[in-house]
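Let us walk through this structure step by step. Keep the sequence and the coordinates side by side as you read.

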Amino acid sequence: MKRKNPFVDWSFAALFGVILSGCTLPMPDTSKLVDESLPQAWSVTVSGSEENLEHFWERWNDPVLLGLIRRAVEVNPNVTGALANLRSARASQIAATATLWPGASLGVGADVRRQNHRTTDGYDANFQSDWTLNLAGADWARADAKALRAIAAEMTLEHTRNLVAAETAQAYINYRVAEEKLAIAKANEENLRKTAEVAIWRAESGMGAMSEKEDALQRLETARARIPEIEFSMANYRNALARLTTMAADRINLNNVTGVPIAPNGIAVKIPVKLLMRRHDVRSALHNLEAAAKELQAAREDYFPSLGLRGSLGTTAASIGTLGASGTGIVSLIGSLSLPVINWGSLQAREEGVAAELDKYKSTYVDTIVRALEETDNALQGIRSAESRQARLLKANEYAEKSYEYASLEYRTGVGDYVTMLAAQSALLNARESLIANNAERSNQYVMLYRAMGGAWQEKSDNAIGPNNEKSE
């Protein structure tokens, strides 16, 4: 009886142990990357009541704004490009998952042979299947990476939609602000025209100085020159809306609503870091980081053997009717085990490249989070500032209107002087523009908060979908 060679047994045991060790390569820890960047108890508040913001734009009560945003988030080229990237990522995920399972094909054939003045026919049918799989799990790791990339692409699409919505809202708000400034400029022109008429009458009648007349006319022409400048800015904002909505500028109807849109009250109460981490760009950066970690795992597991199986089942006969008959069958099964030996240099280079990509995604992830903190805090500070100024600006505008009314009446009746009237007129113009600018600032800062929070900040789950993961509903 032939004795077994113990060296062979130990060799196979050692090889199996190496393979198992490859399956348990440590993964990078992504949970502690931003511990130093995130404040432990970071949260901010503004006045109002806490509520879900799923219908954020509807609550602005501006149908023109809502219509522009709905169109922009569907047809904007940045959105359609992100959607195409998502489709590509999902196709790559399907392809990577398909490689985990055996491939199969069916084939039929026929041939006619002539030899020594004799013709013979031949027919065959076969079924073939093959399967190659890395024993350390590299193929599964790559499939998981593709699944994570697909989720990241989905998050990028939503982030792009939020950015487009915010940019559209800001362009629309700025257009309405320019519209209000134009109305103020025209009202100021009318006041200056009346002042110039009085100054001319006083100068020609000898009751006033000629310098008052010339100064009044100069101020009137300066005010008139301001109007084309504002109209130019309105055209710029309209063109921005045309670009964002891919619509001709002259087809955008902005006449159904007037005035600067006012953000709804009470839409942000407390924003903790946990909620901020749900920003779509943060989640996209995280999933890209996790995908890079999976790709590094796959690159390391490429050093280990791959198992290949190939089998076929077929039949060959001289006529179609005898295909499958006894004695015509052909069966084959081939197994192989391959281990990289000569190409370790290329495998090491690939591993180093993937490791560098992982470090890049780590930096991107941290940068995305700290930027999110900065943008959110800036937006909330801006909202607080605008709301705290609002009541005082309203009061100042009221006082400026009364002051100008009295000063204008006194000047026309000869009781007041020209300088006092001009000071009151300038104060009224500044008060009106400051009030409009503050309203615009408040609305724009709410738009920035929407953008900083990644859209309507509501609870959502985005568990990874892959060969080793199931998404929970």
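Start with helix 4, residues 138-204. Its 67 residues should span 99 Å at 1.5 Å a residue, and its end C-alpha atoms are 96 Å apart, which agrees. The expected span of a helix is 1.5 Å times one less than its number of residues. Helices (H or I, at least four residues) and strands (E, at least two) are DSSP runs, numbered from the N terminus. Helix 4 is followed by Gly206, whose phi is positive, near 85 degrees.

This is a predicted model: local features need pLDDT of at least 70, side-chain atom pairs count only at pLDDT 80 or more, and totals for chains, interfaces and linings use all residues. Residues are numbered from 1 along each chain as its sequence is written, and side-chain values use heavy atoms, with hydrogens and water left out.

Now take the whole chain. Its secondary structure comes to nine helices and six strands. Of its 473 residues, 39% count as buried. Buried means under 20% relative accessible area, exposed over 50%, and partly exposed in between (1.4 Å probe, protein chains only). The chain exposes about 26,400 Å², and carbon and sulfur atoms supply 54% of that area. Accessible areas come from the Shrake-Rupley method with a 1.4 Å probe; for residues, only the protein chains shown count as cover. Among contacts in the chain with a separation of 6 or more, 83% come from residues 24 or more positions apart. Contact means heavy atoms within 4.5 Å.

Return to helix 4 and look at a partner. Helix 4 and helix 9 (residues 418-452) pack at an angle of about 170 degrees, with their axes 9 Å apart. Axes are lines fitted to C-alpha atoms, for helices over the stretch in contact, and angles run from 0 to 180 degrees between N-to-C directions. The two helices, helix 4 and helix 9, are therefore roughly antiparallel to each other. Angles under 35 degrees count as roughly parallel, over 145 as roughly antiparallel, 65 to 115 as roughly perpendicular and the rest as oblique. By class, the contact of helix 4 with helix 9 has 17 nonpolar, nine polar and five charged residues. Here Ala, Val, Leu, Ile, Met, Phe, Trp, Tyr, Cys and Pro count as nonpolar, Asp, Glu, Lys and Arg as charged, and the others, Gly among them, as polar.

Helix 4 also holds Lys186. Lys186 is partly exposed, with a relative accessible area of 43%.

Next comes helix 8, residues 344-412, where Arg392 is found. Arg392 counts as exposed, at 68% relative accessibility. Its C-alpha atom is 9.4 Å from that of Leu435, 43 residues apart along the chain. Ala386 lies in helix 8 as well. At 0% relative accessibility, Ala386 counts as buried. Which residues does Ala386 touch, not counting residues up to four places away in sequence? They are Asn438, Glu441 and Arg442. Ala386 and Glu441 are 55 residues apart in sequence, yet 6.6 Å apart in space, C-alpha to C-alpha.

Move to strand 3 (residues 118-134), which contains Asn134. Asn134 counts as buried, at 6% relative accessibility. Leaving aside neighbours within four places in sequence, Asn134 is in contact with Asp139, Glu301, Asp302, Phe304, Pro305 and Ser306. Asn134 and Glu301 are 167 residues apart in sequence and 7.8 Å apart in space, C-alpha to C-alpha.

Helix 7 covers residues 280-301. Its 22 residues should span 32 Å at 1.5 Å a residue, and its end C-alpha atoms are 31 Å apart, which agrees. Helix 7 is mostly covered, with 17 of its 22 residues buried.

Finish with the backbone. Most residues other than glycine have a negative phi. Asn61 has a positive phi of about 55 degrees although it is not a glycine. Asn61 sits in the loop between strand 1 (43-44) and helix 2 (63-75). At 68% relative accessibility, Asn61 counts as exposed. Thr246 also has a positive phi, near 50 degrees. Thr246 is found in the loop between helix 5 (210-245) and strand 4 (271-272). Thr246 is partly exposed, with a relative accessible area of 37%.
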